[in-house]
Amino acid sequence: MKVVEIDSIPLSYPLRNGDSYGNARGLVTARQCTLVKLKTESGMIGYGEAFGSPKIIHSLIEELREWFLSKQLFDYPTIASKLLNGFYHLASKGYLVCAISGIEMAAWDAMGKTLGMPVHKLLGGKARDTFMAYGSTGYITESNSLERLKEEVHLVESSGLQAVKIKVGTSLQEDIERVEIVRTLLPDIKIMVDINGNYTPDLAIQMIERLKPFELYWVEEPVPPHDLHGFRQIKHAEPGITLATGEAEYTRYGFRELIQEKLVDIVQPDLAKCGGIYEAKAISMMAQANNIRISPHVWGGVVGRSAALQLMASIPYYPHSLKEPEPMMFEYDLGENGLRDEIGTSPIQLENGTITLLDKIGLGVELDEEKVQHYCIS
Ligand SMILES: [Mg+2]
């Protein structure tokens, strides 16, 4: 089964009213991603998603096409691994890995559709189909308004979510104010905070100390991804805090030290960025072999979100065999994003804070071609 066409569709969704939101490292005025569309010789279509500036990804996919076109569909994960290895001068991190991730993800969708199976069946089978969703919200804005934070927290409550992650990292004082508001409004909920790597280790340790009364569920990216020694310092100073990271890391080799040295407790590969679905499965199995939890980063469009769920469904229970002491957490982004909410439907149901993955073939996404074209910027 050869692949006969590979195209990319760069997408941009401008935020309403020229609004912007983001994290302590920066704000965005549009949500963007690139869809990769491939077609097999039997006419089967598969879609993948790549993270990053769509214009850059679009041009990289033009360059990568020759390495994939006319190759066997079911060899694509291996071809992607070979390229990540072969392009070692360029492809250990960054845009090229994102572009390869999008092509590889599209192949899994086409493989599933060809066999009439959901992708998780091809990844080892279904270990689970329900996940605890956490609302990813409380974004940093230009004014960093606490009123807006309160509105976003109300949305978490009305959605029935039992866990929430908010952005912090602008200053210790603002962090305390923001977390205090959330804890006051939602006294029984799990609260995570995301610094997006905006602190030095000493500041991160001070923040963790000062936020202890609020019983944080996890602290995400306390220091920049390359500051592995910073993670060591924080782990040493705060052994009782749960640390998560990985959204800005690439390939199993990028995750290796984090996992093998147990610098964090939860790894967060992004499937549209880390090298693709096969690479994310390798990262997940390496984490599991080291008794570390997995919770993929999900901050893109509808296709990348479904890919994350397919992977999560395929991860076996370990070390517990019957009932997990803590659920596998699914990042349910509540930020405005038409590329997630308007261009297609996901194979998921959200009820009382629990996400259920429905058995749909491939990645399970049904795209609205007209809406896709509406947000296409090529
Ligand atoms: Mg994050």
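Strands (E, at least two residues) and helices (H or I, at least four) are DSSP runs, numbered from the N terminus. The model is predicted, and local features need pLDDT of at least 70, side-chain atom pairs count only at pLDDT 80 or more, and totals for chains, interfaces and linings use all residues. Residues are numbered from 1 along each chain as its sequence is written, and side-chain values use heavy atoms, with hydrogens and water left out.

S136 also has a bridge partner in strand β13, namely D333. Five bridges join β6 to β13 (residues 329-333), and these two strands run parallel. With strand β16 (residues 354-357), by contrast, β6 pairs in the antiparallel sense, over three bridges; here T130 has T356 as its bridge partner. Strand β6 (residues 130-137) is largely enclosed by the rest of the structure, because seven of its eight residues are buried. Buried denotes a relative accessible area under 20%, exposed one over 50%, and partly exposed a value in between (1.4 Å probe, protein chains only).

A crossover is called right-handed if, with the strands pointing away from the viewer, the path from the first strand over the helix to the second runs clockwise.

Strand β7 is in turn joined by five bridges to β8, and these strands run parallel. K167 has D194 of β8 as its bridge partner. The chain passes from β7 through α6 to β8 in a right-handed β-α-β crossover. Four of the five residues of β8 are buried, and the strand is mostly covered. Strand β8 also pairs in the parallel sense with β9 (residues 216-220), over four bridges, and I191 stands opposite L216 of β9. Helix α7 (residues 201-211) carries the chain from β8 to β9, and this β-α-β crossover is right-handed.

D188 lies in the loop between α6 (172-185) and β8 (190-194). This residue has a relative accessible area of 75% and is therefore exposed. The C-alpha atoms of D188 and L123 are separated by 36 Å, and the two residues are 65 apart along the chain.

A nonpolar surface patch of about 320 Å² is made by M1, F74, L115 and M117. Patches consist of residues with over 30% relative accessible area and no salt bridge, like charges being joined within 9 Å and nonpolar side chains (Val, Leu, Ile, Met, Phe, Trp, Tyr) within 5 Å. A salt bridge is a side-chain nitrogen of Lys or Arg within 4 Å of a carboxyl oxygen of Asp or Glu. Accessible areas come from the Shrake-Rupley method with a 1.4 Å probe, and for residues only the protein chains shown count as cover. L115 lies in helix α3 (residues 95-115) and, at a relative accessible area of 43%, is partly exposed.

A disulfide is defined as a pair of cysteine sulfur atoms within 2.5 Å, and by this rule the count is zero. The sulfur of C274 is 9.3 Å from the closest cysteine sulfur, that of C98, which is too far for a bond. C376 is in no disulfide either, the nearest cysteine sulfur, in C33, being 11 Å away. C274 counts as buried at 0% relative accessibility, and C376 counts as buried at 19%.

Conventions: Two strands pair if DSSP finds at least two bridges between them.
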